[in-house]
Amino acid sequence: MDKITKRTEDFSQWYLDIVQHAKLADYSPVKGCMVIRPNGYAIWEKMQKVLDGKFKETGHQNAYFPMFIPESFIHKEAEHVEGFSPELAIVTTAGGKKLEEPLVVRPTSETIINSMFAKWIQSYRDLPLLINQWANVVRWEMRTRPFLRTTEFLWQEGHTCHETNDDAEEETLKMLEVYREFAEHYMAMPVLCGRKTDSEKFAGAVKTYCIEALMQDGKALQAGTSHNLGQNFAKAFGTEFQTREGGRDFAWQTSWGVSTRLIGGMVMTHSDDKGLVIPPRLAPLHVVIVPIYKKPEEKDAVISKARLLADSIRAWPSQKADLGGPISVKIDLDETKSPGWKYAEYEVQGIPLRLELGPKDLAKGQVVLARRDTSEKNFVAMNDAPAEIVKLLSQIQEGLFEKAKRFRDENLRIVDSYDQFKEVLEKHGGFISAHWDGTAETEQAIKEETKATIRCIPLDATEEEGVCIKTGKPSKRRVVFARAY
RNA sequence: CGGGGUGUAGCGCAGCCUGGCUAGCGCAUCUGCUUUGGGAGCAGAGGGUCGCUGGUUCAAAUCCAGUCACCCCGACCA
């Protein structure tokens with residue numbers, strides 16, 4: 001197997017190497033699209049399971065809407081059509097005939113979902129309507145990168161309708177919090193929660209909130225968004241209801257989504273020069289047992305012991321580690337590969353723990369537990385192995401978050417002049433907290449000159465008098481800038 | 001669309017500048033034996049329209065022209 005490019009040499013190539021070597025994804029025959037391989041998809045399934053549970057807990061139901069949207073639907077909301085038109089894939093012929101109306105392959109589903117919501121909602125009694133959809137979407141981007149930006153990607157999109165603006169705003173923030181908790185607790189990826197500026201918000205939204213993560217190369221990654229749509233789509237599609245007072249009003253709506261981009265975020269947050277590192281709570285496989293033996297009698301003893309160990313590990317209560325189920329264990333019985341080969345392979349694939357079991361260990365009544373994150377080897381008594389594994393998985397999860405958090409905090413710099421801003425951007429990258437005069441013109445000018453964009457106006461930003469780093473005009477709070485993916 | 005790069009075995013590449021004899025190497029695959037605690041060793045085997053088209057030449061993977069594809073960097077991307 002070829003070497004993985006060093007992180008510090010070429011971060012972009014390193015990322016692509018990890019994706020390839022850990023067998024997460026492959027390039028597809030269609031340019032810009034991506035084949036998600038079993039290793040990558042298993043991680044997505046874990047993410048889906050956790051998120052879907054959270055959505056259900058918060059009262060949402062899953063549904064499914066068509067991937068083809070009549071072109072006219074896209075045109076009903078002015079900002080929406082303007083935002084998405086350049087990246088639409090459109091089907092004009094089907095069944096050997098030219099279609100009467102072209103079909104857009106959904107870039108997002110607000111329009112087609114509203115066409116149905118308008119039928120489903122008659123009264124305030126039908127509200128709130130809380131729907132989620134797991135789907136694929138297509139956006140014809142010029143430049144793609146596995147997981148981070150692909151022509152077709154998998155995501156979930158929540159779409160809700162409410163009686164009042166306050167209800168919609170509450171939902172928008174509630175789902176942002178679901179995303180924050182998912183990112184930090186499960187992905188061990190610290191995020192900033194904030195609001196997008198008008199020029200960065202979703203096409204058709206009134207307000208867009210987001211979680212922003214920081215990658216190891218100092219670039220930001222928008223990891224999830226939650227939009228308060230106001231009544232924009234409801235008005236465009238006639239999603240109207242009779243109010244408690246007997247009047248009529250348009251539904252107040254939200255939409256929110258996270259995608260397979262999260263997998264890219266996970267890779268760029270935790271992985272190292274040896275390969276992928278998966279946080280235990282997202283790992284499809286937690287422990288791999290590598291049996292070691294020479295003679296046949298050793299083999300029998302080692303393997304039968306390994307099986308017993310695997311059973312006891314699976315049966316061990318693991319609630320404390322919050323893995324979303326039992327500990328997942330695999331014994332690698334492949335006899336065509338040497339133990340050393342297996343060590344390296346599972347490190348590339350990011351399996352959190354490796355359990356080595358050989359004749360020496362049997363003699364001593366111990367096992368060797370090797371951590372993927374720190375490479376540390378722990379020699380523990382065989383009977384203590386299951387409990388020790390739960391403990392180590394928790395420590396790994398915690399350790400990954402702490403490490404990422406430290407990196408993020410060290411790379412969130414407060415800056416008060418434009419010169420300093422540019423210097424920090426060149427030297428370190430990272431998040432930069434600075435004053436901005438609140439105008440789209442200034443934002444645009446900074447972007448053109450430095451490639452840095454306003455990632456968000458943090459939700460916890462405190463009122464603070466200051467002056468815009470670019471124009472010197474007054475500013476009431478700091479915003480966070482960064483170069484971004 | 002601009003800049004850079006690459007097309008040679010399943011994968012990764014050398015060879016090209018300076019044309020030449022049977023197109024080579026590593027990994028992987030297959031066979032056999034020895035191995036197995038950090039990507040095993042030895043011996044053998046199979047696998048090729050040298051991206052495509054045309055040109056120059058006694059002779060082209062190599063030189064020339066054209067063409068196609070892919071990759072990377074930018075532009076784009078709420």
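## Exercises on a predicted model

In this predicted model, strand 17 (residues 353-357) pairs with strand 18 in the antiparallel sense over 4 bridges.

**Exercise 1.** Find the residue of strand 18 that is the bridge partner of Arg354.

*Solution.* Start from the pairing of strand 17 with strand 18, which is antiparallel. Then look up Arg354: its bridge partner in strand 18 is Ala370.

**Exercise 2.** Give the strand order of the open sheet of 5 strands, and explain which strands stand at the edges.

*Solution.* Strands of a sheet pair through backbone hydrogen bonds, parallel or antiparallel. Here the order reads 16-15-17-18-19, and the pairing is mixed. Strand 16 (329-331) and strand 19 (377-381) each have a single partner strand, so one side of each lacks a neighbour in the sheet. Those two are the edges. Neighbouring strands are turned by 25° against each other on average, direction ignored.

**Exercise 3.** Describe the surface near RNA strand B by residue class and by element.

*Solution.* Count classes: 16 nonpolar, 7 polar and 17 charged residues. Next, pick out the nearest of the 40 residues: Gly83, Ala203, Gly340, Gly358 and Lys360. Elements giving two or more residues include helix 1 (11-21), helix 4 (78-84) and helix 11 (359-364). Strand 18 (366-371) is also among them. Helix 10 gives the largest share, 8 residues.

Conventions: Residues numbered from 1 in each chain as written. Chains lettered and ligands numbered in written order. Predicted model: local features only at pLDDT ≥ 70, side-chain atom pairs only at ≥ 80, totals over all residues. Near = placed C-beta within 6 Å. Nonpolar A, V, L, I, M, F, W, Y, C, P; charged D, E, K, R; others polar. Pairing = 2+ DSSP bridges. Axes fitted to C-alpha atoms, helices over the stretch in contact; angles between N-to-C directions.
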